[in-house]
Amino acid sequence: TKGLSRVRGRPSLWMSTSSTRTTIGDLSTPAFVINHHAFVKNCAAIAEISKIHNLKLRPHIKTHKTIQGAVLQASGGDVTGFVASTIPEVELLAQHHHAHGDRPFHDILYGVPISQKKLEMILSIRRQYPGVTTHIMVDNPLQCDMIESSYCLDNNEEEEPVSVFIKLDTGYHRAGITCDWHGVDLVQRLINSKHVKLHGVYSHW
């Protein structure tokens, strides 16, 4: 194979480079199989759209969960970083940021509203990989209290503020805080906290 990446110990077969042809019947199950041509074509298409509209991209890796897929996603367009839905995905990207020239592997958003346990894990990853910026997502004022408490209880007063995206409900009603006084109050809380750096907003359209 060209390479193997592991998320929670599961190998992900990317594509065969041997002279022996591999068929679907040769694979053990469960197996992760993609159409490589379609994957590359889709990445090129979104890169072209982003260039036409002068947009920056932050691809999500939650479907393929592989470094090989992330490299293809980063191959076109102005890719500023990645989104991950699990802690192992965040770790996978962080572990490879030097091997793939840092950018855009140096900038990772954990794209799930943060919980106490996950906050501790993200802070641990940040300390382990100081060259990587890890952002968290917030959609509730209680998460601000959680961040403040974490810094105080762990005596992390001198540590860099945690970078935050606020998740907004812009009408799709899938997730996020509403775009009314609730959202304004949350933004104000984030701005006023010395342990938080408001990096951006996130929404489902």
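**Entry 1: helix packing**

I looked up helix H3 (residues 87-95) against helix H4 (residues 116-128): they pack at an angle of about 5°, with axes 11 Å apart. H3 is therefore roughly parallel to H4; that label covers angles under 35 degrees, with over 145 roughly antiparallel, 65 to 115 roughly perpendicular and the rest oblique. Axes here are lines fitted to C-alpha atoms over the stretch in contact, with angles from 0 to 180 degrees between N-to-C directions. Helices (H or I, at least four residues) and strands (E, at least two) are DSSP runs, numbered from the N terminus.

I note that the model is predicted: local features need pLDDT of at least 70, side-chain atom pairs count only at pLDDT 80 or more, and totals for chains, interfaces and linings use all residues. Residues are numbered from 1 along each chain as its sequence is written, and side-chain values use heavy atoms, with hydrogens and water left out.

Next I listed the contact (heavy atoms within 4.5 Å). From H3 come Ile87, Val90, Glu91 and Ala94; from H4 come Lys118, Met121, Ile122 and Ile125. I get six nonpolar residues, no polar and two charged. The classes: Ala, Val, Leu, Ile, Met, Phe, Trp, Tyr, Cys and Pro are nonpolar, Asp, Glu, Lys and Arg charged, the others, Gly among them, polar.

**Entry 2: His97**

I found His97 in the loop between H3 and strand S6 (107-113). Its relative accessible area is 4%, so His97 is buried (under 20%; exposed is over 50%, partly exposed in between, 1.4 Å probe, protein chains only). A polar atom of the His97 side chain lies 2.7 Å from the backbone oxygen of Ala94.

**Entry 3: aromatic rings**

I searched for aromatic pairs and got one. The rule takes rings of Phe, Tyr and Trp (its six-membered ring) with centres within 6.5 Å; planes under 30 degrees apart are stacked, over 60 edge-to-face, the rest tilted. Phe82 and Phe105 form a tilted pair, 5.0 Å centre to centre and 50° between the planes. Phe82 sits in strand S5 (residues 82-84) and Phe105 in the loop between H3 and S6, 23 residues apart. Phe82 is buried at 0% relative accessible area, and Phe105 is buried at 2%.

**Entry 4: backbone**

I checked Thr29 and Pro30: a cis peptide bond joins them, omega about 0°. Pro30 is in the loop between strand S2 (10-13) and helix H1 (36-52).

Asn54, not a glycine, has phi near 55°. Asn54 is exposed at 71% relative accessibility.

Conventions:
Polar contact = N/O pair within 3.5 Å; in protein donor to acceptor, adjacent residues only side chain to side chain.
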